[in-house]
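Student: I am new to this structure and would like a close look at a single part of it. Could you lead me there from the chain as a whole?

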Amino acid sequence: MDLNAFNSIESKEVFKWFNEINQIPRESGHEKEISDFLVKFAKDRNLEVYQDNAMNVIIKKKGTSGYENKPAVIIQGHVDMVCEKTKDSKHDFRKDPIEMIVEGDILRANNTTLGGDDGIAIAMGMALLDSKDLPHPPIELLATTAEETGMDGAIAITGEHIDGKTMINIDGEEEGIFLVSCAGGMNTLTDFDIKREKAEGHALKIEVSGLKGGHSGIEIIKQRANAIKLLGRLLYAVRDDVVISHIEGGAKHNAIAKHAEALVVSKDINKVKNTLEEVAKNLKNEYRVEDPDMVINIAEASDVKDSFTKELSDNVINFMMLVPDGVAYMSKDIEGLVQTSCNNGVLKEENGKLRFTISVRSSVESSSKEIALKIESAAKMAKASFEISNAYPAWEYDANSKVKDIALSVYKKVTGKDAKIEAIHAGLECGILKKPLPNVDMISIGPDIKDVHTPAEHLSISSVDRMWKFLKELVISIA
């Protein structure tokens, strides 16, 4: 990338450090090199630095003249990135730098993810720490690891080396939208022991596809169809006349399932087929607006030798019908925000078990527990095991937050535009960090970054420039 393209803008130092960061492979779970790079950066400038066993890094810089005794401001972001590329890309994320391309106001990568999520936060923090003429209170850069795969870095933070009382998380993806709350969540794991017997009858394959899917937090409010849930409704309609031989669906716990299929056996294949086709017609009509391309294919298949026992098949189908999916409650604090939801994410046979992974999200902890209890109750009735995995806390809305009011005022001053205060029905590190930092006032901001987690990821250069000007003014105004 030609850095000369940034010479005329204030944020040129931000892009300089972003370029440096993108020379270093930093896939989630492989952050030692980028972590060590930050440690060296700090030591080269005689800055106080801490590196923990999770490869998180905390760098501290004293306040400039007149601000030495002000409370420290925490700049926070994560060093890891999602590594996705196009089918024809030969990029090796374990050793190759990100190849960046400037196209007018757009900065993108060459058929890979850009790493703006969340390298731009680290670059802004480094630019602040490296500055020699910017007035500021004490600055603490908190760079965390493994955010994209479970927020393990944030979970490892103890607060031991952090003194700041205000934190600016720079992991937002839309300029002028300031986040002040996020959902917490958990994965529920329901396991059925697979017991098989000789199959009697003919086989039929039921396949649900063509759905939009989407992020189970951001898109859940759009009420798109979930393929696993639809498959459950189809199977329930013919439960008395079929046994399951094979079943699977979904790809990721945090993605609305776009595909699901089941191989069933029946002694009356025509009856089953007719019933399924009628249910399929109704389902397509229900979702004609949100999922107009839904495909439900019902076709005879090669006969199979064995199937689930009838008891197991009935228990699985009953569980699929009973468990909730989608929006459960809307927020009472923030209009238009989903408070609580769940997503039937993955259904998979593995190691002699059939596992349902259902993701639960809520900005109110007690509400997420209620949904988990509903799933547990359904699991007990279906004679399956149940456990909770990867639980993370919500960042609950604080009506008395001072930083949100300051941020609104400063953004108006810097850009001439009004920003919005919003919440997000997805997990942010703020929720986890609030536990070890309970008295820290937090806000999440960011420049315009589009198509994150895809090879089409790109950011707006002018937006980064505006957010850099805003960040500098915000830090001073907080002090």
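Tutor: The protein chain has eleven helices and 23 strands, where helices (H or I, at least four residues) and strands (E, at least two) are DSSP runs numbered from the N terminus. This is a predicted model, in which local features need pLDDT of at least 70 and side-chain atom pairs count only at pLDDT 80 or more, while totals for chains, interfaces and linings use all residues. Residues are numbered from 1 along each chain as its sequence is written, and side-chain values use heavy atoms, with hydrogens and water left out.

The part to look at is a pair of helices. The axes of α5 (residues 227-237) and α7 (residues 310-322) come within 8 Å and cross at roughly 125°, the axes being lines fitted to C-alpha atoms over the stretch in contact, with angles from 0 to 180 degrees between N-to-C directions. To this contact (heavy atoms within 4.5 Å) α5 brings Ile228, Lys229, Leu231, Gly232, Arg233, Leu235 and Tyr236, and α7 brings Ile317, Asn318, Met320, Met321 and Leu322.

In the loop between α5 and β12 (243-249) lies Val238. Val238 is buried, with a relative accessible area of 2%, where buried means under 20%, exposed over 50% and partly exposed in between, using a 1.4 Å probe and protein chains only. Leaving aside residues up to four places away in sequence, Val238 touches Val272, Thr275 and Leu276. Its C-alpha atom is separated by 68 Å from that of His136, 102 residues apart along the chain.
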